Amino acid sequence: MLISLCSDANVVYWGIRMPKHNADIAVIFEEIADLLEIQGANPFRIRAYRNAARMLSELPREVSQMLEKKEDLTDLPGIGDDLAGKIKEIVDSGHCSLLDRLQTELPPAITELLKIPGLGPKRVKSLYHDLDVQTIEQLYRAARDGRIRILPGFGEKTETNILQAIEAHANQTQRFKLAVAGQYAEALEKFLQAIPGVLTVIVAGSYRRMRETVGDLDMLVVSSVSAASQVVQRFITYEETVEILSAGTIRASIILAGGLQVDLRVVKEESYGAALHYFTGSKSHNIAIRRMAQKHGLKINEYGVFQDKTRIAGETEASVYAAVGLAYIPPELRENRGEIAAASTGQLPQLVEQTDLRGDLHAHTQATDGHHSLREMALAGKAYGFEYLAITEHSRRLTFAHGLDGARLAQQCDEIDQLNAELTGITLLKSIEVDILQDGNLDLPDSALARLDLVVGAIHSHFNLSRAKQTERILRAMHHPYFTLLAHPTGRLIQRRDPYDVDMLRIIREAKHRGCFLELNAHPERLDLLDTHCQMAKEEGVLISINSDAHSVYDFSNLRFGVGQARRGWLEKCNVLNTRPLSELRLLIHRTMS
Ligand SMILES: [Zn+2]
Ligand SMILES: [Zn+2]
């Protein structure tokens, strides 16, 4: 059975459905920002929409529920009266009149052009004005016909790049950031759980493996046999469905309003483990396991493990692994990157857990671009179970973030000393997220850094240096006697900015040599260090700090994404710096001038 309600998700999205999730509102704000940018609006106004979109896509609570409870949205980071009003308008009406207006002023598909790498709003604007290019198709034809190279500021090379980028773009399927997919997944889980006859609901696939982006959601439901078709029927009428791709008796696929595809599979209890293993993947892990089974004269499929026609396992995942002589392999490791060999020799890592974290070494307050006060951050950290929290404001070079100079840093240190004397159960550590300048020097003098418990260094500019220069820049920064921790070590923003080009092995070895550490930034936009680099650091004996980079009291919950990434990187509790109690941490981060 194939029912197509509507092929264009946006039509239904704007027409009928109320945006319910933060991620939906974030999409609207991003679109407003894009359109404003093409119109050449005030950069601060554009930034406000972008920041709000980012905040919303990571906020652990749904703003629609906050509105229901009559909570004040202006308590949220970056949300003033104007944006609060827009959120309310969107939740109440499903529309944003500003977006409606902008969409009448510019051609509807024009923001698509921004998805082509190398095309910023300025270029899109001139393509539209000078060549009347409004769609990717028109862009392709203009490039192919050599009409773009003659535009001011473009040239032949840009034209070739645009052609290549369009071809690459066509081959790309849309993926969702883990945190965004999570908002849809959690709501769906609740919905399915409430259907009579449902025993268990779990999201399998790359979501369960904690991949940084997710292509679709694989929902697995265990139900009584009699309820199975009822579960499918209810699933396809989920209120966020805009298209039903297929619907049978035990499976169905839908597209949600936000564009995310969800596949449902209903299984019997006896097949749960085999099905969960099958739908969790990865593909290459599953193929390797099936090959092992063949060698044992067994057959593994989504229904169980079979010897001839007899089922010998499949009720739990552990039973599937045991059937082929392996220990249970946690989902995050299932990438066929050595986990099977490790499981067969009893050498699987004891992966770090979120409850192992004792503190956080990267957080901002309202002194710079954070939203909450020192005290609020400290109390939230304490409530989160931290023993310590490092306050790491931006340094003076980041003027847009109101970065600290020496005097303001000294003032904050005084405030931290006072607060530490007063608070119990949590210690604030004096720190800074100091800019690493283009030449590898730090943005503040030694005299300003001397009083700090640790110095976190980060790159926020000149991302395009050559590999040699970028690597040298970081090595020089680490050479600085006060340098402790390298924040977001590759600078990438998922789906928005590629990592800068560095020799990570050299950096890790230098960190080892200098007694420095690397951060795994848990911000869902960053998840930086990459999982493979985590493994590299572990092998080289360099500890990783899993940090939230919190800009508000809500952001500590992002640590779960960082822990997921760390687990994908095979990290154990002992490989993670901030699993140490404060007394031990102090010894590790203490560096002196020498
Ligand atoms: Zn930073
Ligand atoms: Zn930061």
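I began with the two metals: the zinc ion (ligand 1) and the zinc ion (ligand 2) lie 3.6 Å apart, and Glu433 coordinates both. The model is predicted; local features need pLDDT of at least 70 and side-chain atom pairs 80 or more, while totals for chains, interfaces and linings use all residues. Residues are numbered from 1 along each chain as its sequence is written, ligands are numbered from 1 in the order in which they are written, and side-chain values use heavy atoms, without hydrogens and water.

**Entry on ligand 1.** I looked up the donors, which are N, O and S atoms within 2.8 Å of the metal (3.2 Å for Na, K and Ca); water is not among the atoms, so sites may look incomplete. Glu433 (OE), His460 (NE2) and His488 (NE2) coordinate the zinc ion (ligand 1) at 2.0 to 2.2 Å. Their spacing along the chain is E-x26-H-x27-H.

**Entry on ligand 2.** For the zinc ion (ligand 2) I found His362 (NE2), His364 (NE2), Glu433 (OE) and Asp549 (OD) as protein donors, 2.1 to 2.3 Å away. The angles among these 4 donor atoms run from 80 to 164 degrees, and the site is irregular. Four donors count as tetrahedral if all angles lie between 85 and 135 degrees; four count as square planar and six as octahedral if opposite donors are over 155 degrees apart and all others between 65 and 115; anything else is irregular.

**Entry on burial.** I then checked accessibility, where buried means under 20% relative accessible area (1.4 Å probe, protein chains only). Glu433 is buried at 0%, Asp549 is buried at 4%, and His488 is buried at 0%.

Methods
Buried < 20%, exposed > 50% of the residue type's maximum accessible area, 1.4 Å probe, protein only.
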